[in-house]
Amino acid sequence: MKTKAKAHLAPTAAAQRMREHRARQAIGATRIAIDLDSGDKDWLRSQGVLRDWDEDDGLALAQALKLALQKLRHKVTT
């Protein structure tokens, strides 16, 4: 019995998003969207987690917010 060879297609954007979703799910992470205004960015800078030149970089903002939350969590537990 002959079997057909499967075509190797490039992954679609939807398939990539699903893989990322499953990877986050596996480690118990959740992705959220947050609107930050200039006051929020000022607060992140005052916490020492955001540099002036990174304020329009989405990845830098996400990292800064994560660091700020870790600092707050550390303050609460100590």
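The side chains of Arg45 and Asp52 form a salt bridge with an N to O distance of 3.2 Å, where a salt bridge is a side-chain nitrogen of Lys or Arg within 4 Å of a carboxyl oxygen of Asp or Glu. The structure is a predicted model, in which local features need pLDDT of at least 70 and side-chain atom pairs count only at pLDDT 80 or more, while totals for chains, interfaces and linings use all residues. Residues are numbered from 1 along each chain as its sequence is written, and side-chain values use heavy atoms, with hydrogens and water left out.

Arg45 is partly exposed, at a relative accessible area of 22%, whereas Asp52 is exposed, at 53%; buried means under 20% relative accessible area, exposed over 50%, and partly exposed in between, for a 1.4 Å probe and protein chains only. Glu55 also meets Arg45 in a salt bridge, at 2.6 Å from N to O. Glu55 lies in the loop between helix 2 and helix 3 and Arg45 in helix 2, so this pair ties together parts that are 10 residues apart in sequence. Helices are DSSP runs (H or I, at least four residues) numbered from the N terminus. Glu55 is partly exposed, at 26% relative accessibility. Through shared partners, salt bridges join Asp42, Arg45, Asp52 and Glu55 into one network.

The count of salt bridges comes to five. One of them pairs the side chains of Lys41 and Asp56, at 3.6 Å from N to O. Lys41 belongs to helix 2 and Asp56 to the loop between helix 2 and helix 3, 15 residues apart. Lys41 counts as buried at 16% relative accessibility, and Asp56 as exposed at 68%.

The side chains of Asp54 and Arg51 are joined by a polar contact of 2.8 Å. A polar contact is a pair of N or O atoms within 3.5 Å; within protein, one must be able to donate a hydrogen and the other to accept it, and residues adjacent in sequence count only if both atoms are side-chain atoms. Apart from residues up to four places away in sequence, Asp54 touches Ala60 and Leu61, contact meaning heavy atoms within 4.5 Å.

In helix 3 it is Asp57, with a side-chain oxygen 3.1 Å from the backbone nitrogen of Leu59. Just after helix 2, Gly48 takes a positive phi of about 80°.

The buried residues of helix 3 are Ala60, Leu61, Ala64 and Ala68. They lie on the same side of helix 3, because they cover an arc of only 95° around the axis, as given by the directions from the helix axis to the C-beta atoms. Helix 2 (38–46) is included in what covers these residues. The face turned away from the buried side carries exposed residues, among them Lys66 and Arg73.

The largest nonpolar core has six residues: Leu44, Val49, Leu50, Leu61, Ala64 and Ala68. Such a core is a set of buried Ala, Val, Leu, Ile, Met, Phe, Trp, Tyr and Cys residues joined through side-chain atoms within 4.5 Å. Beyond its neighbours within four places in sequence, Val49 is in contact with Leu44, Ala64, Leu67, Ala68 and Lys71.

Definitions and conventions. Helices (H or I, at least four residues) and strands (E, at least two) are DSSP runs, numbered from the N terminus.
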